[in-house]
Amino acid sequence: MPVIRVEMLAGRTNEQKRTFAREVTKLACETFNCKPDTLHVVFSEIPRNSWATAGTLQSDKS
């Protein structure tokens with residue numbers, strides 16, 4: 001049961017997540033030789049004020 005975890009800043013649309021899940025499932029099943037119903041994609045959306053790059057919160061960037 002492969003699990004693919006995606007951590008990203010909040011703000012993507014459901015359609016973007018649907019498209020990503022569909023496409024990554026196709027590729028992973030081809031690569032891992034598994035059935036689509038055994039593969040899971042989990043999205044974790046992080047608020048901009050909880051993600052920092054180079055010491056700066058994403059919420060502080062313009």
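**Tour of the predicted model**

Start by selecting Q58, which sits in the segment after β4; strands (E, at least two residues) and helices (H or I, at least four) are DSSP runs, numbered from the N terminus. This is a predicted model, in which local features need pLDDT of at least 70, side-chain atom pairs count only at pLDDT 80 or more, and totals for chains, interfaces and linings use all residues. Residues are numbered from 1 along each chain as its sequence is written, and side-chain values use heavy atoms, with hydrogens and water left out.

Q58 is buried at 10% relative accessibility (buried means under 20% relative accessible area, exposed over 50%, partly exposed in between; 1.4 Å probe, protein chains only). Leaving aside neighbours within four places in sequence, Q58 is in contact (heavy atoms within 4.5 Å) with L9, R48, W51, A52 and T53.

Next, select I4, V6, M8, V24, A28, C29, C34 and L39, the 8 residues of the largest nonpolar core. Such a core is a set of buried Ala, Val, Leu, Ile, Met, Phe, Trp, Tyr and Cys residues joined through side-chain atoms within 4.5 Å. β1 (3-9) and α1 (14-32) each supply at least two residues of this core. Within the selection, pick L39: not counting residues up to four places away in sequence, L39 touches P2, I4, T25, A28, C29 and C34.

Then go to N33, in the loop between α1 and β2 (40-46). N33 has a phi near 55°, a positive value in a residue other than glycine, and is exposed, with a relative accessible area of 73%.

Finish at A54, in the loop between β3 (52-53) and β4 (56-57). The phi of A54 is positive, near 55°, in a residue other than glycine, and A54 is exposed at 80% relative accessibility.
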